[in-house]
Amino acid sequence: MKVILNDDVKHLGEMGDVKTVANGYARNYLFPRSLALPYNDVTVAWFEGRKEEIEARKQAKRDASASIKEKLSAHTITIVMAAGQNGKLYGAVTSQTVADALAKDGFEIERKRIDIPGVTVKSVGKYTVTVRLYESETAEFPLIVEAQKEADTGAAKASAGKAKKDRRNAEATETEQAGADESADEQEPAEQAETEEAVEQPVPESTENTDEAAGSENAAE
């Protein structure tokens with residue numbers, strides 16, 4: 001079915017454009033929302049009377065496009081991603097990645113309008129991104145992809161090494177102390193047994209006393 005667009009329709013066209021679409025799309029979507037009118041002599045004449053209005057809208061879009069082009073051409077996007085030593089990214093920079101980065105900087109650009117060399121970027125480096133603006137207008141700007149810098153872990157590693165060494169020393173000290181305690185526990189019963197044996201053993205009589213007793217007995221006889 002042939003229709004005339006009554007408003008800008010995303011991915012289809014803008015006001016005043018004549019398009020051929022499926023019957024169901026026109027009847028179920030475009031016509032109920034007043035986005036298009038059937039193409040006939042009446043509607044063509046009606047749009048002829050709105051030609052100046054339509055042209056003014058297009059000129060406003062051209063001006064906005066020129067302004068965006070000027071700003072984008074002076075803009076640079078830097079994206080930092082994790083990468084290997086060979087510069088290969090652990091992932092890829094896509095048109096959506098660039099669109100998100102542009103949005104953070106105040107540029108609302110559809111990802112479908114962003115062209116990246118090779119569709120995606122998979123290595124660190126400098127690239128040129130092209131943005132398709134209004135009509136045939138385009139804008140180019142540099143895209144810099146950098147490898148994510150690894151955090152300086154030298155101090156952390158040294159601290160971890162020292163802690164590990166201290167832990168080993170502490171464990172060794174505990175082991176030595178435990179061994180000393182066990183030795184002390186083993187020695188105490190032995191020493192106690194020796195002491196008890198020494199106490200229980202009878203003390204021999206003095207030889208001198210025995211001789212005196214024998215002399216007394218002989219004298220009595």
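Guide: Before we turn to the sheet, one definition is needed: two strands pair if DSSP finds at least two bridges between them. Please also keep in mind that this is a predicted model.

Visitor: Understood. What is the strand order in the open sheet, and is the pairing parallel or antiparallel?

Guide: The open sheet has three strands in the order β2-β1-β3, and their pairing is antiparallel.

Visitor: Which are the edge strands?

Guide: They are β2, residues 18-20, and β3, residues 36-38. Each of these strands pairs on one side only.

Visitor: And by how many degrees are neighbouring strands turned against each other?

Guide: On average, neighbouring strands of this sheet are turned by 40° against each other, with direction ignored.

Visitor: How many bridges join β1 to β3?

Guide: Strand β1, which spans residues 2-5, is joined to β3 by three bridges, and the two strands run antiparallel.

Visitor: Which residue of β3 stands opposite Ile4?

Guide: The residue opposite Ile4 is Leu37 in β3.

Visitor: What holds strands of a sheet together in general?

Guide: Strands of a sheet pair through backbone hydrogen bonds, in either a parallel or an antiparallel manner.

Visitor: Let us change topic to aromatics. How many aromatic pairs are there?

Guide: Rings count as a pair if their centres lie within 6.5 Å, and by this rule there are two aromatic pairs. In one of them, Tyr25 and Tyr29 have ring centres 5.5 Å apart and planes at 10°, so the pair is stacked.

Visitor: Why are Tyr25 and Tyr29 separated by about one helical turn?

Guide: Because Tyr25 and Tyr29 are four residues apart in helix α1, which covers residues 23-30, about one helical turn separates them.

Visitor: What is the relative accessibility of Tyr25, and what is that of Tyr29?

Guide: Tyr25 has a relative accessibility of 32% and counts as partly exposed. Tyr29 stands at 33% and also counts as partly exposed. In the other pair, the rings of Trp46 and Phe47 have centres 5.1 Å apart and planes at 75°, so this pair is edge-to-face.

Visitor: Is Phe47 buried or exposed?

Guide: Phe47 is buried, since its relative accessible area is 7% and buried means under 20%. Trp46, at 42%, is partly exposed.

Visitor: Which residue lies over the face of Tyr39?

Guide: Lys2 does, at 4.6 Å from the ring centre of Tyr39.

Visitor: On to the backbone. What is phi of His11, and is the value positive or negative?

Guide: Phi of His11 is near 65°, a positive value in a residue other than glycine. His11 is located in the loop between β1 and β2, and this residue is exposed, with a relative accessible area of 60%.

Visitor: And where is Ser34?

Guide: Ser34 is in the loop between α1 and β3. Its phi is near 60°, again a positive value in a residue other than glycine. At 46% relative accessibility, Ser34 counts as partly exposed.

Visitor: What does the UniProt annotation cover?

Guide: The unreviewed UniProt entry carries the annotation "domain: Ribosomal protein L9" for residues 13-40. Over that stretch the chain is 29% helix and 21% strand, with the end C-alpha atoms 18 Å apart.

Visitor: Finally, how many helices and strands does the protein have?

Guide: The protein has six helices and nine strands. Of its 221 residues, 21% are buried. Among contacts between residues at least 6 apart in sequence, 51% join residues at least 24 apart.

Definitions and conventions. Residues numbered from 1 in each chain as written. Predicted model: local features only at pLDDT ≥ 70, side-chain atom pairs only at ≥ 80, totals over all residues. Heavy atoms only, no water. Phe/Tyr/Trp six-rings, centres within 6.5 Å; stacked < 30°, edge-to-face > 60°. Buried < 20%, exposed > 50% of the residue type's maximum accessible area, 1.4 Å probe, protein only. Lys NZ or Arg CZ within 6 Å of the ring centre and 35° of its normal. Axes fitted to C-alpha atoms, helices over the stretch in contact; angles between N-to-C directions. UniProt positions renumbered as here; feature names shortened; annotations may be inferred. Contact = heavy atoms within 4.5 Å.
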